[in-house]
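Reader: I have a structure to go through with you. Could we begin with the terms and then move to the details?

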Amino acid sequence: MRELERAIERLGGVVYAESSEGIKKGRAVILPSRYRQKQWGGIEHLSEGRVDIKRHIMFCKSELLELSDYGCRIYSGNEKYVLIWKDENTYRTGAYTKACIRRITEE
């Protein structure tokens, strides 16, 4: 899993995440989410699905989002996001989080 850590460091940008302790700073990779409706109503994330311009997937070290919860704000450059859900994965080399975030627009 060192590849994931290296990818976050090389490809990621500086991100600020709200938590119950205040605002934390870290690096994360933010990608647009692609989804496709399944026949029985579920949603799956695929490379050939439609892009939802407001929904993104974020990969980061778990420390960045460890105290953040649904509805917390995430800031990256000039973009603002709200945290929808997060999944934490722990490996021998460290703990990482995959989070679904939604871009906040003025609409």
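Author: This is a predicted model. One term is needed at the outset: a residue is buried under 20% relative accessible area, exposed over 50%, and partly exposed in between. Arginine 6, with a relative accessible area of 42%, is therefore partly exposed.

Reader: Which side chain does arginine 6 meet in a salt bridge?

Author: Arginine 6 pairs with glutamate 3, at 3.8 Å from N to O. The two are three residues apart in helix 1 (residues 2-11), so about one helical turn separates them. Glutamate 3 is exposed, at 54%.

Reader: How many salt bridges are there in the structure?

Author: There are six salt bridges. Another one joins glutamate 9 and arginine 27, whose closest N and O atoms are 3.9 Å apart. That pair links distant parts of the chain, since glutamate 9 lies in helix 1 and arginine 27 in strand 2, 18 residues apart.

Reader: And is arginine 27 buried or partly exposed?

Author: Arginine 27 is partly exposed, with a relative accessible area of 29%. Glutamate 9 is also partly exposed, at 43%.

Reader: Changing topic, which residues make the nonpolar surface patch?

Author: Val14, Tyr16 and Ile23 make a patch of about 260 Å². Isoleucine 23 belongs to strand 2 (residues 22-37), and its 56% relative accessibility makes it exposed.

Reader: Finally, in what order do the elements of the chain run?

Author: From the N terminus, the order is α-β-β-β-β-α-β-β-β, which comprises two helices and seven strands. Of the 107 residues in the chain, 29% are buried.

Terms used:
Residues are numbered from 1 along each chain as its sequence is written. This is a predicted model: local features need pLDDT of at least 70, side-chain atom pairs count only at pLDDT 80 or more; totals for chains, interfaces and linings use all residues. Side-chain values use heavy atoms; hydrogens and water are left out. Patches are made of residues with over 30% relative accessible area and no salt bridge: like charges are joined within 9 Å, nonpolar side chains (Val, Leu, Ile, Met, Phe, Trp, Tyr) within 5 Å. Accessible areas come from the Shrake-Rupley method with a 1.4 Å probe; for residues, only the protein chains shown count as cover. A salt bridge is a side-chain nitrogen of Lys or Arg within 4 Å of a carboxyl oxygen of Asp or Glu. Helices (H or I, at least four residues) and strands (E, at least two) are DSSP runs, numbered from the N terminus. Buried means under 20% relative accessible area, exposed over 50%, partly exposed in between (1.4 Å probe, protein chains only).
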